[in-house]
Amino acid sequence: MTGRLPAIIFFADKRWRGEEMLLSEVVEILSGVPFRTRIESEKNGACIVVQARDLVGDGTVDLAGAARIAAPPSSTRGLLRPGDVVLQPRGNRYSVGKVEEVKGPAVAAAPLYILRRRARGIDPDFLVAFLEAASTQSALRQDAVGTHVPQIPRQALEALHIELPDLSSQIRLADLARLERREIEVMDRLRVARGRLFDLALREIAKKSRKRANAPGSISGLKGAPTP
């Protein structure tokens with residue numbers, strides 16, 4: 001797909017529909033810092049390095065578990081601020097996370113993108129919800145380039161259309177998306193728990209069957225007994 005992406009229909013309620021804009025008009029899109037070698041975490045490193053693995057899937061960035069290095073590799077490029085949104089642009093699923101409070105310098109490593117709001121009229125949690133929406137993810141996949149590991153060009157991200165409602169509606173939509181994420185997490189845990197219970201039941205049934213088969217007087221228990 002080339003050219004401008006079609007508008008993403010993200011809002012079902014007309015009351016929440018706002019002005020349609022390009023994403024580049026709403027946020028500044030910055031590239032992460034390129035590292036020439038593998039990032040090795042230093043125990044007492046002062047600078048946090050955010051990588052794709054630190055986008056934990058709940059709409060946040062895990063700064064506590066991120067790697068640390070002695071100092072930022074550059075004075076300004078890739079430095080993170082509270083409220084920044086980080087996007088992983090490779091593959092078929094584009095993880096997103098909002099940066100909370102940052103203690104000390106922190107940078108995003110390439111190929112991550114940093115989305116920094118241009119004005120206070122956009123809620124970062126709403127931006128996360130918009131980027132995680134199935135319609136947005138689908139549109140981004142269409143514009144990814146490359147055969148082995150597809151990647152979203154920054155120009156495609158900048159050309160993405162977004163409908164921006166008023167701030168209070170953004171907050172309500174972000175809350176709805178957060179509740180949906182939690183519901184999905186609970187359902188996933190429930191599915192795993194059911195699977196474990198089923199495996200346990202199978203093992204118990206097999207154990208009881210072996211006990212019955214080896215019990216005195218059972219057919220298998222008499223097998224091999226001397227003939228009177």
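The count of salt bridges in this predicted model comes to 6, a salt bridge being a side-chain nitrogen of Lys or Arg within 4 Å of a carboxyl oxygen of Asp or Glu. Because the model is predicted, local features need pLDDT of at least 70 and side-chain atom pairs count only at pLDDT 80 or more, while totals for chains, interfaces and linings use all residues. Residues are numbered from 1 along each chain as its sequence is written, and side-chain values use heavy atoms, with hydrogens and water left out.

**Salt bridges**

- Arg38 and Glu40 form a salt bridge through their side chains, at 3.9 Å from N to O. Both residues are exposed, where exposed means over 50% relative accessible area, buried under 20%, and partly exposed in between (1.4 Å probe, protein chains only).
- Lys98 and Glu100 form a salt bridge with an N to O distance of 3.5 Å. Lys98 counts as buried at 11% relative accessibility, whereas Glu100 is partly exposed at 41%.
- Arg154 and Glu158 form a salt bridge at 3.9 Å, N to O. The two residues are 4 apart in helix H4 (residues 154-158), so about one helical turn separates them; helices here are DSSP runs (H or I, at least four residues), strands are runs of E of at least two, and both are numbered from the N terminus.
- Arg154 is partly exposed, with a relative accessible area of 34%, and Glu158 is partly exposed at 27%.

**Nonpolar cores**

- The largest nonpolar core has 27 residues; such a core is a set of buried Ala, Val, Leu, Ile, Met, Phe, Trp, Tyr and Cys residues joined through side-chain atoms within 4.5 Å. The residues with the most contacts inside this core are Leu23, Val27, Leu115, Leu127, Leu131 and Leu157.
- Elements that each supply at least two residues of this core include helix H1 (23-26), strand E2 (27-31), helix H2 (124-132) and helix H5 (167-214). The largest share, 5 residues, comes from H2.
- Leu127 is in contact (heavy atoms within 4.5 Å) with Leu23, Val27, Val85, Leu115, Ile122 and Ile162, leaving aside neighbours within four places in sequence.
- Another core, apart from the largest one, has 14 residues, among them Val61, Val99, Ala108 and Ile114.

**Helix H2**

- Of the 9 residues of H2, 8 are buried, so this helix is largely enclosed by the rest of the structure. The buried residues include Pro124, Phe126, Val128 and Phe130.
- Glu132 lies in H2 and counts as buried at 17% relative accessibility. Glu132 touches Gly59, Arg93, Val96, Gln137 and Arg181, not counting residues up to four places away in sequence.

**A sheet of 3 strands**

- An open sheet of 3 strands has the order E4-E3-E7, with mixed pairing; two strands pair if DSSP finds at least two bridges between them.
- Strand E4 (67-69) and strand E7 (106-108) stand at the edges with a single partner strand each, so one side of each has no neighbour in the sheet.
- Neighbouring strands of this sheet are turned by 35 degrees against each other on average, direction ignored. Axes are lines fitted to C-alpha atoms, for helices over the stretch in contact, and angles run from 0 to 180 degrees between N-to-C directions.
- Strand E3 (residues 47-50) runs parallel to E7, and 3 bridges join the two. Val49 stands opposite Val107 in E7.
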